[in-house]
Amino acid sequence: MKKADPASDNPAANTRKVFVKTYGCQMNVYDSQRMADALARDGFVETSTPDDADMVLLNTCHIREKAAEKVYSEIGRLRQLRARRQKAGADLMIGVAGCVAQAEGREIVARAPAVDFVIGPTTYHRLPDVVARARGGEKVVETEFAVEDKFEHLPEQQKRQVRSRGVTAFLTVQEGCDKFCTFCVVPYTRGAEVSRPVAQIVEEARRLVDAGVREITLLGQNVNAWHGEAQDGRQWGLGELLHELARIDGLARLRYTTSHPRDMDDALIAAHRDLDMLMPYLHLPVQAGSDRVLKAMNRKHTGDDYRRLVDRIRKARLDIALSGDFIVGFPGETDADFEDTMRIVRDVSYAQAFSFKYSPRPGTPGATMDGHVEETVKSERLQRLQALLGEQQAAFMKSLEGQEIAVLLEKPGRDAGQLVGRSPWLQPVICDETVGKIGDSVTVRIERASANSLISSEAANRRRAA
Ligand code: SAM
Ligand code: SF4
């Protein structure tokens, strides 16, 4: 059946609206933006609600079961929205992208016939073609790993679009993973590790800065495994790439995420020492503290390897703060193993962290291992771990009270006269508008820390005066 085309119903309206809903990590946020860029060439503009959209694109996450299930509930809601639209003589196209699309492919259209097309994360440069075929009535499932480089085929980001996204931007430099941790679906959904070429990354970074971006976060499933050939023929790692990007005029801050402990090489650690604009905040997941569990997870590092690495990084950059990821209840994890996780958290001390109950993912080795841990035990362990991580986060926030810190001003605040920026360690900082304008790097004194944000003295004064 040929789909009704809302734009062709009304010749005056030659733009269509797309609502992209993003689940999961920053890499999906970046992918959503690039998909919107690809669709812009086809006359689509982004909208912030499904209610006035001609197309809804769900950019999905498959990392844990809950994340994947959310997608099907959302498709159910969209099916109802489409039924209401059709009653009114219009239509709504529904697409599923991202890691659920890659992992489940055709199963999605079988389980949710309302879906018009499914597109995996390595092929989104083909989106305009996929949409055109779906509009012609075909149920398109485009989940083969693309041989051609999708970044070569994606349109350049337009200045207007970059500006609308603010003064901070993500830039994916590496995709996929060859590490095969036994709990993780990423090597199956994102494929083998691929690094983008140096020149392509530098060019994209320059364009972002040219459009007003002041902070760039380099992204990769395993970002510090990035490597590429420089113009002089030498192989660069992420440390050298950061040095090159730091030379771009107008760029104020650099970050990168997510790193694997095994890929923190000397040049990258030295970049933390030598580059002021590389923010002193590092997301370095350890996952667990027990060597037995780390081995079963195929992490290829021990708890002590990680402790030694953290010591070296902290020596290189005294003010660096760490964040991490933890999994509790991996198959075979005993009470003693879990105590090792608590011990490593106490030893390292994190400014922020993400912690999860182990979620068996179909097709990964962990799912078929012996010794699955009961849900109630996982919940108890997670609660204890999160309490400890929460205390450490609160202590870190408290330690900033009374200090003068650098803030990049990002957007207007909730109250009149406020601007919100970010600290070097990623906390939102509420500032007064008199300290500068959006895009400025300013220094403010922190008066108070709450659970998740910091308030500067000037903003606190204004509050008191109001
Ligand atoms: N590449 C990063 C690393 O090696 O640390 C991790 C990227 S992964 C997309 C994000 C986080 O999700 C992981 O660090 C892990 O803590 C968590 N995660 C992955 N698979 C999981 C699973 N099956 N169950 C629970 N948490 C999981
Ligand atoms: Fe997944 Fe990270 Fe392990 Fe790769 S290194 S398999 S992305 S957890």
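Which of the 17 residues around ligand 1 come nearest? They are Phe183, Gln221, Gln287, Asp325 and Ser359, where a residue is taken to be near a molecule if one of its heavy atoms lies within 4 Å of it. The model is predicted: local features need pLDDT of at least 70, side-chain atom pairs count only at pLDDT 80 or more, and totals for chains, interfaces and linings use all residues. Residues are numbered from 1 along each chain as its sequence is written, chains are lettered from A and ligands numbered from 1 in the order in which they are written, and side-chain values use heavy atoms, with hydrogens and water left out.

**Ligand 1**

- A polar side-chain atom of Gln287 is placed 2.7 Å from an oxygen atom of ligand 1.
- Arg299 likewise has a polar side-chain atom 2.9 Å from an oxygen atom of ligand 1.
- Ser359 approaches through its backbone, with an N or O atom 2.8 Å from a nitrogen atom of ligand 1.

**Ligand 2 and His260**

- The shell of ligand 2 consists of Cys177, Lys179, Phe180, Cys181, Phe183, Cys184, Val186, Pro187, Asn222, His260 and Arg299.
- By class, this shell holds seven nonpolar, two polar and two charged residues; Ala, Val, Leu, Ile, Met, Phe, Trp, Tyr, Cys and Pro count as nonpolar, Asp, Glu, Lys and Arg as charged, and the others, Gly among them, as polar.
- His260 is located in the loop between strand E13 (253–257) and helix H12; helices (H or I, at least four residues) and strands (E, at least two) are DSSP runs, numbered from the N terminus.
- His260 counts as buried because its relative accessibility is 4%; buried means under 20% relative accessible area, exposed over 50%, and partly exposed in between (1.4 Å probe, protein chains only).
- Not counting residues up to four places away in sequence, His260 touches Lys179, Asn222, Asn224, Leu284, Arg299 and His301, contact meaning heavy atoms within 4.5 Å.

**Nonpolar cores**

- In the largest nonpolar core, which has 56 residues, Ile216, Leu218 and Tyr256 touch the most other members; such a core is a set of buried Ala, Val, Leu, Ile, Met, Phe, Trp, Tyr and Cys residues joined through side-chain atoms within 4.5 Å.
- Helix H10 (residues 198–210) supplies the largest share of this core, six residues.
- A second, separate core comprises 25 residues, including Val100, Ala101, Val115 and Val141.
- In soluble globular proteins, nonpolar side chains tend to be buried together.
- Beyond four places in sequence, the contacts of Leu218 include Leu171, Val173, Val223, Leu238 and Tyr256.

- The 23 residues of helix H3 (residues 65–87) should span 33 Å at 1.5 Å a residue, and the end C-alpha atoms are 34 Å apart, which agrees; the expected span is 1.5 Å times one less than the number of residues.
- Buried positions in H3 include Ala67, Val71, Ile75, Leu78 and Arg82.
- Among the elements covering the buried residues of H3 are strand E1 (16–22), strand E3 (55–60) and helix H4 (98–104).
- Gly89, which follows H3, has a positive phi near 85 degrees.
- For helix H14 (residues 303–316), 14 residues at 1.5 Å each should span 20 Å, and the end C-alpha atoms are 20 Å apart, in agreement.
- Gly303, Tyr306, Arg307, Leu309, Val310, Ile313 and Ala316 are the buried residues of H14.
- These buried H14 residues pack against elements including helix H12 (266–274), helix H13 (291–296) and helix H15 (335–348).

**Backbone features**

- Thr257 and Thr258 are joined by a cis peptide bond, with omega about 5 degrees; Thr258 is found in the loop between E13 and H12.
- Phe180 is not a glycine, yet its phi is positive, about 50 degrees.
- The loop between strand E8 (174–175) and helix H9 (186–189) contains Phe180, which counts as partly exposed at 37% relative accessibility.
- Leu426 also has a positive phi, near 80 degrees, in a residue other than glycine, and its place is in the loop between strand E18 (418–422) and strand E19 (428–432).

**Thr22**

- Thr22 lies in strand E1 and is partly exposed, with a relative accessible area of 32%.
- The side chains of Thr22 and Ser32 make a polar contact (2.8 Å); this is a pair of N or O atoms within 3.5 Å, where within protein one must be able to donate a hydrogen and the other to accept it, and residues adjacent in sequence count only if both atoms are side-chain atoms.
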